[in-house]
Amino acid sequence: MKALLLEGKDQPLQVKTIADPLLKAGMVQVRIKAAAINHRDLWITKGQYAGIKYPIILGSDGAGTIVKISKDVPATHLGMQVIINPSFNWGEEEDTQGKEFKILGLPDNGTLAELVNVPMEQVYPMPEHLTFAQAAALPLAGLTAYRALLTRARTRGAEKVLVTGIGGGVALFALQFAIKLGCEVWVTTGTEAKLKRAIAMGATGGGNYKELGWAKELLKKAGNFDVIIDGAGGAGFADLIDLAAPGGRIAIYGGTAGNIESVSPQKIFWKQLSILGCTMGSPSDFHNMLRFINTHQIVPVIDEVFPFEEADQAFAKMAAGTQVGKLVIEI
């Protein structure tokens with residue numbers, strides 16, 4: 001099969017022909033039609049991730065057709081169009097992942113290849129209203145957004161929600177999900193173009209975090225927020241504490257802006273705030289996320305689709321941060 005191999009830190013992805021993966025008991029082989037990349041993949045290429053090994057086939061997100069099954073898998077699986085849940089070995093507890101938890105694409109080879117083998121329980125029927133490219137954009141970001149917004153923050157309709165860093169995959173799904181819940185949704189972004197795109201999608205308004213005093217201006221326009229979904233952390237997290245309403249919930253799923261500093265514990269305890277960490281999601285979260293997607297006929301936002309041989313351009317665009325939506329690679 002052909003695969004995109006990462007053979008070292010800061011090395012370009014190489015299209016190479018390698019042996020097809022061997023199918024083990026309880027597994028299915030998926031011929032990938034489309035895969036999407038995430039910041040996790042970018043960090044791995046830069047050597048900024050734990051447990052990196054080389055060579056590795058990256059990619060957590062993928063959609064395709066089951067072309068081979070092990071003897072213990074029901075024959076009805078053969079030929080199914082599926083998406084892959086990249087959250088492996090969650091464990092028995094819904095509240096947190098277990099010690100054996102891992103994400104597809106490291107340490108196991110991922111979806112940036114013609115074929116990938118995964119356990120039978122990791123594949124789900126592809127939503128019928130989506131194309132392969134749209135379905136490939138869904139798993140990791142959709143799962144993370146669903147768990148942050150609904151499982152962890154327990155967001156309800158008519159609440160006021162702030163989603164930070166609109167333009168990224170998780171943030172866009174959080175925006176789409178919150179709107180379908182009936183929430184009043186505001187966003188933050190670093191460009192006016194992204195803010196306009198979010199408003200066109202249903203956001204009420206937002207703020208530009210690159211502008212001095214943006215949080216105070218947003219507070220004047222929108223008031224305090226019941227729920228805040230954040231993937232940045234960093235120095236700006238202190239502003240989110242100020243923007244949160246008394247009894248508010250802040251779900252944080254990423255740290256692209258670095259460590260959180262200069263946060264007042266007095267504001268957190270006096271306002272009775274809940275700070276909720278969020279990583280990926282359980283099988284129940286994935287099932288419920290898919291049901292939500294199907295019920296509301298949600299279509300993932302795709303920024304651009306790249307040919308297999310131009311995967312490095314997709315990574316360069318993600319590094320530049322100019323995308324609005326997912327970056328998808330056709331296999």
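1. Buried means under 20% relative accessible area, exposed over 50%, and partly exposed in between, using a 1.4 Å probe and protein chains only. Hello, and please keep in mind that this is a predicted model, in which local features need pLDDT of at least 70, side-chain atom pairs count only at pLDDT 80 or more, and totals for chains, interfaces and linings use all residues. Numbering runs from 1 along each chain as its sequence is written, and side-chain values use heavy atoms, with hydrogens and water left out.

2. On the cysteines: searching the whole structure gives 0 disulfides, a disulfide being a pair of cysteine sulfur atoms within 2.5 Å. Cys183 is in none, and its nearest cysteine sulfur, in Cys278, is 16 Å away. That separation is too far for a bond. Cys183 counts as buried because its relative accessibility is 10%, and Cys278 counts as buried because its value is 5%.

3. Lys221 sits in helix α6, residues 214–222; helices (H or I, at least four residues) and strands (E, at least two) are DSSP runs, numbered from the N terminus. Its relative accessibility is 52%, so Lys221 counts as exposed. Leaving aside residues up to four places away in sequence, Lys221 touches Trp186 and Gly206, where contact means heavy atoms within 4.5 Å. Gly207 is 14 residues from Lys221 along the chain, with 9.5 Å between their C-alpha atoms.

4. Finally, the sheet: three strands form an open sheet in the order β2-β1-β4, with antiparallel pairing. Because β2 (14–17) and β4 (56–57) each have a single partner strand, they stand at the edges, and one side of each lacks a neighbour in the sheet. Two strands pair if DSSP finds at least two bridges between them; β1 (residues 2–6) and β4 have 2 bridges, in the antiparallel sense. Leu6 stands opposite Ile56 in β4.
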